[in-house]
Amino acid sequence: MFRYAAIGLTSALALGAGAGAAHAEVKFGALYPFSGQLALLGEESARGLELAVDQINSEGGVQGEQVTLVKGDAVDNNQAIGEARRLIAREGVKAIFGTYSSSRSIAASQVAELSRIPYFELGAVAEKVTGRDLAYLYRTNPTAKDMARTIVDMIVESVAPELDKDPEELRIGIIHEDSSYGSSVAEFENKYAEEAGLNVVAEQAYPASTVDMSSIVLRLKEKNVDVVLQTSYQNDSVLFLRQADEENYDPKAIIGGGGGYSMEPTAEAVGADVIEGVLDADFTQYNVNPEFAPGVKEFVEDYKAKYDSAPRSGHSLNNYAGAMALLHAIDDADGFGPDEIREAVDAIDIPMGETAAGYGVKFGENNQNTRAKMMGMQWQDGELVTVFPEEAAVSELKLQD
């Protein structure tokens with residue numbers, strides 16, 4: 001049974017001090033992009049896992065053993081493969097947690113599968129991650145399909161009514177970075193937009209490393225796009241917002257798909273005036289109804305205490321929530337063998353509304369968490385606040401026609 005601790009890590013440490021200290025350790029891998037282009041969100045994701053391990057260890061560890069995280073730097077796909085091999089063969093990890101980047105997760109989890117080592121994905125969203133019929137791969141977080149579904153629902157249920165327009169009147173433009181992440185989200189955005197009768201008039205893929213998006217901005221202007229959907233990392237999010245502002249391109253709505261759109265450093269880079277009113281569909285963030293996400297306030301307090309700063313993105317929160325569910329399950333296992341861990345994880349059954357991310361955990365087809373959900377957020381007065389769905393919202397969606 002899942003034992004979610006709604007107390008903060010500080011309190012948990014105090015409780016753990018009175019318990020008998022564990023005399024052994026068990027190693028788990030922490031495989032993230034700690035350097036390179038994706039390092040900021042890679043490190044932010046890893047911090048959530050670290051906080052979960054701190055809390056578990058304060059409670060006595062897993063099966064009486066203290067958890068030690070061994071880091072691997074998935075700076076690119078090839079290194080993700082090499083680091084996965086090192087963690088398994090040289091470090092002897094019992095499972096690998098990661099990885100934020102879909103392409104790196106896809107590459108590294110194949111290595112783990114061949115070695116029969118459980119691989120727990122806590123943050124990558126591409127559908128292909130859990131679409132390969134792997135027995136030892138589990139994903140706790142919502143997917144590209146969930147992100148696209150949330151974006152289209154938000155357009156139909158909130159954006160169009162706020163603009164006093166029928167949804168089919170809006171001219172939609174889809175732009176996305178061209179890796180597994182962006183391409184997967186865009187595929188489902190097109191699918192759900194068609195089902196909803198939305199009018200997609202432009203689509204453009206680009207490499208995340210691009211240094212100029214002015215031609216994309218001009219094309220969107222020429223197509224009279226009302227609502228721009230961008231699936232991106234941080235650098236390309238900043239680049240698009242800056243160049244759209246420079247070209248005086250002011251669509252009725254911009255909706256980001258995760259990545260840079262949920263990050264404080266993005267708001268700081270482009271400025272409050274540019275980010276104001278921009279929407280985002282992503283993992284649960286911090287300005288959310290605390291009744292919807294019990295424990296979120298305590299998580300923020302623990303994060304600040306450990307890292308001497310506020311969380312930079314909801315990626316840390318979602319990695320924490322997923323890791324807590326998995327570590328508690330492994331604690332209930334009969335050992336650290338691959339199949340013993342799998343049996344324990346298969347039994348997880350956490351209802352909606354009982355994790356700090358708001359959603360529940362139960363694995364279904366292809367070991368995907370069937371209870372993981374995305375949220376809709378908006379930048380308002382310099383803060384990213386939850387506006388969709390209603391039960392998670394702390395503010396109403398606001399647009400100017």
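Good morning. In the chain before you, residues 24 or more positions apart account for 69% of the contacts with a separation of 6 or more. Please bear in mind throughout that this is a predicted model.

I shall begin with the chain as a whole. It contains 13 helices and twelve strands. Along the principal axes, its C-alpha atoms fill a box of roughly 65 × 40 × 35 Å. A compact globule of 401 residues would have a radius of gyration near 21 Å, and the chain, at 21 Å, agrees with that value. Of those 401 residues, 59% count as buried.

Next, the surface and the charges. The accessible surface of the chain comes to about 15400 Å², and carbon and sulfur atoms contribute 44% of it.

Let me now turn to one helix, H12, which covers residues 315-331. How far does H12 reach from its first C-alpha to its last? The 17 residues of this helix span 24 Å, close to the 24 Å expected at 1.5 Å a residue. Is H12 largely enclosed by the rest of the structure, or largely open? Buried here means under 20% relative accessible area. By that criterion 16 of the 17 residues of H12 are buried, so the helix is largely enclosed by the rest of the structure.

I come now to the backbone, starting with two cis peptide bonds. One joins glycine 98 to threonine 99, with omega near -15°. Threonine 99 sits in the loop between strand S3, residues 96-98, and helix H4, residues 102-114. Another cis bond runs from phenylalanine 388 to proline 389, where omega is near 0°. Proline 389 belongs to the segment that follows strand S12, residues 383-388.

Glutamine 63 is not a glycine, yet its phi is positive, at about 55°. Where does glutamine 63 lie? It is placed in the loop between helix H2, residues 39-58, and strand S2, residues 66-73. With a relative accessible area of 25%, glutamine 63 is partly exposed.

Arginine 116, likewise a residue other than glycine, has a positive phi near 55°. This arginine lies in the loop between H4 and strand S4, residues 119-121. Its relative accessibility is 39%, and arginine 116 therefore counts as partly exposed.

That concludes my presentation. Thank you for your attention.

Definitions and conventions: Residues are numbered from 1 along each chain as its sequence is written. This is a predicted model: local features need pLDDT of at least 70, side-chain atom pairs count only at pLDDT 80 or more; totals for chains, interfaces and linings use all residues. Side-chain values use heavy atoms; hydrogens and water are left out. Helices (H or I, at least four residues) and strands (E, at least two) are DSSP runs, numbered from the N terminus. The expected span of a helix is 1.5 Å times one less than its number of residues. Buried means under 20% relative accessible area, exposed over 50%, partly exposed in between (1.4 Å probe, protein chains only). The radius of gyration is taken over C-alpha atoms; the globule rule is 2.2 Å times the number of residues to the power 0.38. Contact means heavy atoms within 4.5 Å. Accessible areas come from the Shrake-Rupley method with a 1.4 Å probe; for residues, only the protein chains shown count as cover.
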